[in-house]
Amino acid sequence: MASSYSPFPFTQSRPGFRDKVKKVMINFPTYTFQYVKSLFPIISWLPRYNLTWFTADLIAGLTIGAIVIPQGMAYALIAKLTPEYGLYSSFVGVGLYCLFATSKDVSIGPTSVMALLIGQTIERVRPLTKPEIKEYEIAATLTLFAGLLSGMIGIFRLGVLVELIPGPVIAGFATGSSINIAITQIPQLMGISIKDKEGPAYLIEKETLTELNETNVDAAIGFLCLFYLYLIKFGSNFLSKRYPRHEQIFFFISILRNISIIIFATFASWLIVRGKDTPSIHILGDVPSGFKNIGPPITDINLVKQIAGRIPVIVLILIMEHIAIAKNFGKINHYKINPSQEIIAIGATNVVASFFGAFPSTGAFTRTAIKAKSGVRTPLAGIFTALLVLLTLFYLTPAFYYIPKSALAGVVIHAVLDVFTSYSYIVTLYKVDIRDLAIFATAVFFAALFDVENSVYVSTALALLILIVRFATPRVESLGRLSIPHPNSANNPKYAFVPLGHPSFSLAMAPPDGVIIFRFEEALTYPNSSYVDEKVIDYIKSHTRNCRRRPEKKGDLPWNEPPPKKPGEETYNQKLPRLRAIVFDFSAVSFIDSTGLQALMDIRKELNNYAAQAVEYHFANILDEKIQDILVVGGFSVLKEPEEIAINGNINEQDEKHQGVEIRKLDEKGNGVEIKNIGRKEKEVEIIRIEADGTTKSSNPNSNNLRQKTLFHLTLEEAVSAAAGEDAVWPQTHPKGILITSYKRPHSNPRPEFSRVFFP
């Protein structure tokens, strides 16, 4: 018996995996050329370079050069290296970045966090390596392998992996690292010599406090430098607002405060120590000019083994810092970056930098912000920064001899305190989700008091754990219908389906007797399928009647079926409606795996047994044909499933052969389905054919499996009408049993927080 109706919203399939592979193979030469071209974005904009862009890039590049020179030397000391290696790191990356960049604003170079991590790594690895291996060689090897791994991640377009690191982890890690660096710089700021320079930050602070009596002239220079830096910063901001016409002048005065204080401190240091055999303050001393250690990094097997465990966290921080900064300034200045291409840029610049003896470099937030505000127009500005650093390396290093270490410590402390997370962001975390605040606090705690590596690992693990718990315990809500007031409500009523029992929707009407509407708010997969199964079945059993025949003798009761808990509970249950249909709103279900499908089939089997009849299962808002096909495989496309135990009033007749179902596709593209039903007796075989256009045929003219009723619907309202019937009566109040879930929503009246089924 043929029927012309279409039971499926989706009657045609979109291109599948085979189609996509075929398209790639056909267009492989074109795609290859486009990919290679995309590796060098400079090709697309360099032919249009002009004098206006050149002027803006020159100003921005020289401005960043004036900042990165003192910062680079200071960060080299944090990395347990001599100052020239900070200049090497400041030169190579910023000069090469323009070839691969998709961001005009990012300034690549040494950063405080990366310097701290490299310093901690060198201190751990150095005692375990050969005595002839120097600190800068360890740093260069780290740079090489970090660059290679970053480049591979970018080439294979795996930048999406960075998205697994949430914002609170990044913010907490940056804040905690800043605290750690500031604490470890205090002894140098005050001229105090401590024994345990490489221990956890809290031990360094403890020892600093016990050695305060050793404070000398260094402290005066250090604190005066800090006072000067903050005076210029806040004074320039105040004056630029007071005199907006001169805002640009005050801006350049502000950004030149680092280089100016180093000049002033160096002159003061020269006045103090000149003519003395033993300097009374701690100064840098000799800084070699030029490149003294150009060559391939050491790849000693023992060294590689020792640093292998640290490379992943170095790469993670390199990419995490850079991508976060690039995305942020891309949004601010209205352009889009390519994360994978930016990772390639990080990898390429670090691989080349390793041959110059540089330690790993990445995007720096403060310098990027200044570069953007300086009016940079293209990534070529980095060339001018590199040239200024190069000139400094060859001609100005003798002047660095008298730079006080306390002044550099002041520059570092001033720089790292600028990347502290704002109070408003912390308040936002608290208001949005207290768990996000817990992740942030965990990252801050471990980074500030222990080390950067543990901070990243622990806070990321906590974030992933919370994500898994959220995904494994999704909200499963029972919905009712709420009338929406509008001018023509009487003639054309409009409705919305909202959670029953929510205080904000007290006027919502429960569905007609025997009909339950559920909404799942996650994909239905193996982590949450058992939870969803349990929630749906528990809710149904608390709101509908148990129609299974109960044995008369106590000895015949199943061992796992509990007796009534309260007097009259069984009588109350008999007053509840019998389950007739369930409607599933799949508007938030983006995927179903085999375990999720099995959960739906288990729900069907259990509830058909509970209701002692074949319950209708309707699905609304199915997102794509793959989900539809999965439901068809599960047997949800026909009204009466052969594998259900359809009872005719007696559930205990288990002696007959159980039914089965065989399903196969009709063609290679997956269009159309053939379902072979095997009845209780082997001779009872029915073949149901569902063609690609939705036409349905059965080999049995008297089939009950093909009643003219659609089970897959485009809208929830259509699904509820089909399940309840056009003339069904909607109650005016919701049932007494209310499903309360544990997810908070920003409604005017928040629901309770504990997940349970409540009976007044």
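E453 counts as buried at 10% relative accessibility, where buried means under 20% relative accessible area, exposed means over 50%, and partly exposed lies in between (1.4 Å probe, protein chains only). This is a predicted model, in which local features need pLDDT of at least 70 and side-chain atom pairs count only at pLDDT 80 or more, while totals for chains, interfaces and linings use all residues. Residues are numbered from 1 along each chain as its sequence is written, and side-chain values use heavy atoms, with hydrogens and water left out. Welcome to the tour; the overall picture comes before the details.

**Overall picture**

- The protein has 26 helices and 14 strands, taken as DSSP runs numbered from the N terminus (helices H or I with at least four residues, strands E with at least two).
- Of its 760 residues, 48% count as buried.
- The accessible surface of the protein is about 37500 Å², and carbon and sulfur atoms hold 61% of that area; areas come from the Shrake-Rupley method with a 1.4 Å probe, and for residues only the protein chains shown count as cover.
- Taking contacts (heavy atoms within 4.5 Å) between residues at least 6 apart in sequence, 77% join residues at least 24 apart.

**Salt bridges**

- A salt bridge here is a side-chain nitrogen of Lys or Arg within 4 Å of a carboxyl oxygen of Asp or Glu, and this rule gives a count of 13.
- The partner of E453 is R310, with 2.1 Å between the closest N and O atoms. This pair links distant parts of the chain, 143 residues apart: R310 sits in the loop between helix 13 (301-308) and helix 14 (311-332), and E453 in helix 21. Like E453, which is buried, R310 is buried, with a relative accessible area of 6%.
- D433 and R470 also form a salt bridge through their side chains, at 2.4 Å from N to O. They are 37 residues apart and join distant parts of the chain, D433 being in the loop between helix 19 (423-432) and helix 20 (434-449) and R470 in helix 21. D433 is buried at 14% relative accessibility, whereas R470 is partly exposed at 30%.
- R475 pairs with E521 in another salt bridge, the closest N and O atoms lying 2.6 Å apart. R475 is buried, with a relative accessible area of 9%, and E521 is partly exposed at 23% relative accessibility.
- R475 and E521 belong to a salt-bridge network that also takes in E477 and R519.

- Helix 10 covers residues 217-242, which makes 26 residues. From its first C-alpha to its last it reaches 37 Å, close to the 38 Å expected at 1.5 Å a residue, the expected span being 1.5 Å times one less than the number of residues.
- At the start of helix 10, N216 brings a side-chain oxygen to within 2.9 Å of the backbone nitrogen of D218.
- The buried residues of helix 10 include D218, I221, C225, L229, I232, K233 and S236. Their cover includes helix 8, helix 11 (247-255), helix 12 (257-273) and helix 18 (405-417).
- K233, a helix 10 residue, is buried, with a relative accessible area of 18%.
- The K233 side chain makes a polar contact with the side chain of D418 at 2.7 Å. A polar contact is a pair of N or O atoms within 3.5 Å; within protein, one must be able to donate a hydrogen and the other to accept it, and residues adjacent in sequence count only if both atoms are side-chain atoms.
- Leaving aside neighbours within four places in sequence, K233 is in contact with S254, R257, H414 and D418.

**K371**

- K371 lies in helix 16 (residues 365-373) and is buried at 3% relative accessibility.
- Beyond neighbours within four places in sequence, its contacts include A60, I64, K104, D105 and G382.
- The C-alpha atoms of K371 and I255 are 10.0 Å apart, although the two residues are separated by 116 residues along the chain.

**Nonpolar surface patch**

- A nonpolar patch on the surface has about 930 Å² of accessible area together, and its members include L149, F156, L161, L164 and L467. Patches are made of residues with over 30% relative accessible area and no salt bridge, with nonpolar side chains (Val, Leu, Ile, Met, Phe, Trp, Tyr) joined within 5 Å and like charges within 9 Å.
- Helix 7 (135-155) and helix 21 (452-472) each supply at least two residues of the patch, and helix 7 gives the most, with 3 residues.
- L164 is found in the loop between helix 7 and helix 8 (167-190).
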